[in-house]
Amino acid sequence: NREIHLASRPQGWPTADNFRLVETEVPTPGPGQIVVRNQFMSVDPYMRGRMNDVKSYVPPFALDEPLDGGAVGEVVAGGADGISVGDTVLHGLGWREYALLDGRSARRVDPDVGPVSAYLSVLGMTGLTAYAGLLDVAAMRPGETVFVSGAAGAVGSMVGQIAKLRGAGRVVGSAGSPAKVARLTELGFDAAFDYHDGPVRDALKAAAPDGVDVYFDNVGGEHLEAAIGAMNLHGRAAICGMIAQYNSAEPPAAPRNLALVIGKRLTLRGFLVGDHGDLREQFVTEVAGWLREGRLSYDETIVDGLDNAPDAFLGLLRGENLGKMLVRL
Ligand code: NDP
C-alpha cells in the first residue's frame with residue numbers, strides 16, 4: 001500500500017517537497033470495517049486551507065499523516081451492514097491506495113449508472129455544490145443574469161450549465177485561458193472571458209451590459225469586487241470559494257466597493273455543501289436526468305498514479321484542469 005503524507009506545511013504556494021510518498025502494509029479489517037482499493041480520488045482546492053495549522057470548519061491535516069479526501073473504490077476485504085466484498089463505495093479516505101474504514105462511513109454506489117468517477121464529479125459533492133449554491137443559496141430565478149467565476153472548473157462549469165437549464169436569461173463565465181473560454185461557449189454560456197486579458201470589471205461590463213443578478217463566487221478578490229460593482233438591485237452572491245487568495249501569505253483587502261451592498265440591497269451569502277445534504281436526492285434525480293438526455297456535459301482531468309497526486313494538486317491550483325481534477329489509482 002502507498003499513501004501520500006503531508007511532509008511540511010506550505011508557506012504561500014505549495015511545492016512537491018510538502019508531500020511524501022510512504023509505503024505501508026495493506027490494512028486488515030476488524031469487525032464492521034472494510035478495506036477499499038481506491039480507483040479514483042478527488043483533488044480539491046479546500047485541501048490547501050487544511051495544510052495550514054489554523055482552526056477552520058474542517059481540522060487541519062496532521063504532519064506525517066496521510067492526506068484525505070473523497071474517493072471511490074472497490075471493497076476487497078471485510079464487511080459491514082449492507083456492504084460486502086465486490087461493492088463499489090464512496091468514502092472520505094483518498095490519497096492512499098487501500099483505505100481501511102468503518103463500514104458506516106462508506107456509501108454504496110451503483111457502478112452501472114455511469115463511470116464511477118462521476119460520483120466525485122458531476123453526481124458528487126462538486127455537482128451538489130453548484131446545484132445548492134445556485135438554486136438554494138443564491139435562489140436564482142428564471143430570466144436572471146448569472147455570473148460565475150472559475151467557470152471552466154468542476155463547480156463553475158456545472159453552475160453555468162445548471163443556470164441555463166433552469167432558465168437563466170444570460171450566463172457569463174470567467175476562466176484563465178483562451179481554451180477554457182472556448183469550452184464555456186461550447187457548454188452554452190452566453191458570454192465568457194479570460195480574466196488575464198484586462199480588468200475583470202471591464203470584461204464583466206461588456207459581457208453583462210444589463211448587470212448581474214446572481215454571482216457565484218469561486219475566486220474572490222478582484223472578481224468579487226467586479227461582481228459587486230456589476231450587481232443589480234437585490235442581487236445575490238453565493239460565496240463558494242476564494243481560490244485567488246488560498247496561497248496568499250497575507251489576505252487581500254476587502255472589496256473596496258463593499259459599501260455598494262447597502263444601496264443595492266445585495267445579499268452575499270457564504271455556504272458549505274455539507275449543509276445542503278437535504279437537496280441530494282432532488283439534485284441526483286434532476287442532474288442524472290439531464291445527463292441521460294444529453295443536455296449536461298462534464299469534463300474531467302484525470303492524472304494517473306498515486307505518485308502523481310501531488311502534481312495533480314499543484315496543477316489544480318495553477319489552473320491546469322478543465323472540469324474536475326481526479327487521480328486514477
Ligand atoms: P476547480 O475545478 O474550479 O479548480 C480550481 C480552478 O481555480 C483552477 O482550474 C483555476 O482555473 C482557478 N484559479 C486558480 N487560481 C486562480 C486565481 N488566482 N484567480 C482565478 N481563478 C483561479 O475547483 P473546484 O470546482 O473543486 O472548486 C471551485 C471553488 O469552489 C474553489 O474556490 C473551492 O474552494 C470551492 N468549493 C467550495 C465548496 C463549499 O462547500 N463552499 C465545495 C467545493 C468547492 P483558471 O484556469 O480559470 O484560473
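Trainee: How many residues surround the ligand, and which are the closest?
Mentor: In this predicted model, 29 residues surround the ligand. The closest are Gly153, Ala154, Gly176, Gly241 and Gly319.

Trainee: Which elements give two or more residues to that shell?
Mentor: H2, helix H3 (154–165) and helix H9 (309–318) do. The largest share comes from H3, with 3 residues.

Trainee: What about the shell by class: how many nonpolar, polar and charged residues?
Mentor: The shell around the ligand has 16 nonpolar residues, 11 polar and 2 charged.

Trainee: And which domains does the shell draw on?
Mentor: Domain 1 (2–121 + 298–328) and domain 2 (125–274) each supply at least three residues.

Trainee: Before I go on, what ipTM and pTM does the predictor give the complex?
Mentor: The ipTM is 0.99 and the pTM is 0.97. For the chain, pLDDT averages 97, and 100% of the residues score at least 70.

Trainee: New topic, the largest nonpolar core. Which members touch the most others?
Mentor: Leu134, Phe216, Ala227 and Val327. That core holds 97 residues. H2 contributes the most to this core, 7 residues.

Trainee: Where does the core lie relative to domain 1 and domain 2?
Mentor: Between them, because domain 1 (2–121 + 298–328) and domain 2 (125–274) both give residues to this core.

Trainee: Back to Leu134. What is Leu134 in contact with, leaving aside neighbours within four places in sequence?
Mentor: Met140, Val159, Ile162, Ala163, Phe216 and Ala238.

Trainee: Where is Ala139?
Mentor: Ala139 sits in the loop between helix H2 (125–137) and strand S8 (145–148). Ala139 counts as partly exposed, because it has 13 C-beta neighbours inside 10 Å.

Trainee: And His234, what is its phi?
Mentor: Near 65°. That is a positive value, in a residue other than glycine.

Trainee: Which element is His234 found in?
Mentor: Strand S12, residues 231–239.

Trainee: Is His234 buried or exposed?
Mentor: Exposed. His234 has 10 other C-beta atoms within 10 Å, and the cut-off for exposed is 12 or fewer.

Trainee: Great, that's my list done.

Definitions and conventions: Residues are numbered from 1 along each chain as its sequence is written. This is a predicted model: local features need pLDDT of at least 70, side-chain atom pairs count only at pLDDT 80 or more; totals for chains, interfaces and linings use all residues. Helices (H or I, at least four residues) and strands (E, at least two) are DSSP runs, numbered from the N terminus. A residue is buried if 20 or more other C-beta atoms lie within 10 Å of its own, exposed if 12 or fewer, and partly exposed in between; C-beta atoms are placed from the backbone. A residue is near a molecule or strand if its C-beta atom, placed from the backbone, lies within 6 Å of it. Ala, Val, Leu, Ile, Met, Phe, Trp, Tyr, Cys and Pro count as nonpolar, Asp, Glu, Lys and Arg as charged, and the others, Gly among them, as polar. Domain bounds come from an automatic or database domain assignment. pLDDT is the predictor's confidence in each residue, from 0 to 100. A nonpolar core is a set of buried Ala, Val, Leu, Ile, Met, Phe, Trp, Tyr and Cys residues joined through C-beta atoms within 7 Å. Two residues are in contact if their C-beta atoms, placed from the backbone, lie within 7 Å.
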